[in-house]
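Visitor: I have this chain open on my screen. Can you walk me through how it packs?
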Amino acid sequence: VYWLRNDIRSVLGISTTSLTKSKNSGSCIYMEESRQWDESRLGWLTLSWNTGLSAMVKRRLYERFDRDGTKVAKINKQDLFAAGATPEASALFISWRSTADADSFAARCEKDEVRLVLPWDDEFPKLLTTTAEPPACLFLRGAKLSLENSVAVVGTRRMTSYGRRATKELTEGLATAGCTIVSGLALGIDGVAHAAALDAGGRTVAVLGGGCDTATVYPVEHARLADRIASGNGTVLSEMPPGTNCQKYHFLQRNRIIAGLSRALVVVEAPERSGALVTAKYALEESREVFVVPGPITNEQSRGTNAFLKYGAAPCTEPRDILETLGIEAATVAVANLTADEHALIAALDVPKYADDLCRELKCPASTLSVTASSLELRGLLEREAGGTYTRTNRSVATISFDKTPNHTYLHEH
């Protein structure tokens, strides 16, 4: 049987010693060469593929068998009972295992460039191990998981233009300061947060309720975004094996992982009954810092967030609120990287202003102001509002140190 299994692996292209590196051109897919699909790891892969046993039962089986996955094939009902499984779940697992094929599971992982991470692996997040209900394993796709200064950004799927802008500005400021942005890849706030982190050149982690492979990413509208995260500076992960379609009850499990992976969490917009608020409650239970972006009292999508402020969540109006609480210095866009004209224009925008007013205040021609504003807008440090006013973004406030009462005499005609 052993030699037949190796022959099968050879035919399927599965290494008997290690996973292969991704062959995607320009991809940042992380595949650890030293990870062996030995008999023990194949056993744990089989257990991880089963979605009928709870994470708690699986973790108790790890301890019961001293991390020896070869014993998975010999698990009996008494072992499962001892680990806390119900008689029904035990019977279903024994029946499922009789047809489970570890080699096909390994082949699926290789095909989808998904790796299995177990609690004793170096890549398994230490932040998760201290939570009340840590997952028994994780399936990951993309770059090596990095959770340096991790901040979760979550909110409603039905975001307003206010929510979109707030998410974009907060996320860009946090990502530029070196924070890893964690979210759930959902439509609305989550998707904007992931994209903004990547656009700012930062790291992001997407936590899914179903499989993290491209074929079963949910929602399907974000399959391309998931691929962009995995092939860029980010990681897509789930505790569900590849090919698992997302079910309603998976979202609660996903939300607790989002909260557990983060040092802090910010809710941008959320109605009174929102999964984002459930994630925030998980974060509070795990003693994470929780922030809320205040919204208009007449906006349905802000009623949940505004109510959460009454329960002790801290208000967040700029990235600095989060960074200072976590003891992180805002990344500084060196003044040397800004021209004197750019620095003066940013400093002058303590409130939104029209171009004519800025020209008078800065004593400069309209042509110079236009060129300077365009340069800052391209870098996400300034925006032009629909009404024609210029305003500096939260990203510029969080990342650029400038004199609050500058001498506005920098701009001049070249």
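Guide: We'll go from the whole chain to its cores and then to one helix pair. Keep in mind that this is a predicted model.

Visitor: Fine. How many helices and strands in the chain?
Guide: The chain has 18 helices and 12 strands.

Visitor: And what percentage of the residues is buried?
Guide: Of the 414 residues, 56% are buried. The accessible surface is about 18900 Å², with 50% of that on carbon and sulfur atoms.

Visitor: On to the largest nonpolar core. Which residues touch the most other members?
Guide: Leu-45, Leu-47, Leu-53, Leu-61, Phe-139, Leu-185 and Val-236 do, in a core of 41 residues.

Visitor: Which helices supply at least two residues each?
Guide: H2 (39–49), H3 (55–64), H5 (87–97), H6 (102–112), H9 (189–199) and H10 (223–231). H2 gives the largest share, five residues.

Visitor: What does Leu-61 touch?
Guide: Leaving out residues up to four places away in sequence, Leu-61 touches Trp-44, Leu-47, Ile-75, Asp-79, Leu-80 and Ala-83. There is also a second, separate core of 28 residues, with Val-207, Ala-280, Val-290 and Val-292 among them.

Visitor: Back to H2. At what angle does it cross H6?
Guide: Roughly 80°, and the axes come within 9 Å. Angles of 65 to 115 degrees count as roughly perpendicular, so H2 is roughly perpendicular to H6.

Visitor: Which residues make that contact?
Guide: From H2, Leu-42, Leu-45, Thr-46 and Trp-49. From H6, Ala-102, Asp-103, Phe-105, Ala-106, Arg-108 and Cys-109.

Visitor: How do they divide into nonpolar, polar and charged?
Guide: Seven are nonpolar, one is polar and two are charged.

How values were computed. Residues numbered from 1 in each chain as written. Predicted model: local features only at pLDDT ≥ 70, side-chain atom pairs only at ≥ 80, totals over all residues. Heavy atoms only, no water. Core = buried A, V, L, I, M, F, W, Y, C linked by side-chain atoms within 4.5 Å. Buried < 20%, exposed > 50% of the residue type's maximum accessible area, 1.4 Å probe, protein only. Helix = DSSP H or I, 4+ residues; strand = E, 2+ residues; numbered from the N terminus. Contact = heavy atoms within 4.5 Å. Areas by Shrake-Rupley, 256 points an atom, 1.4 Å probe, with all protein chains shown as cover. Axes fitted to C-alpha atoms, helices over the stretch in contact; angles between N-to-C directions. Parallel < 35°, antiparallel > 145°, perpendicular 65-115°, else oblique. Nonpolar A, V, L, I, M, F, W, Y, C, P; charged D, E, K, R; others polar.
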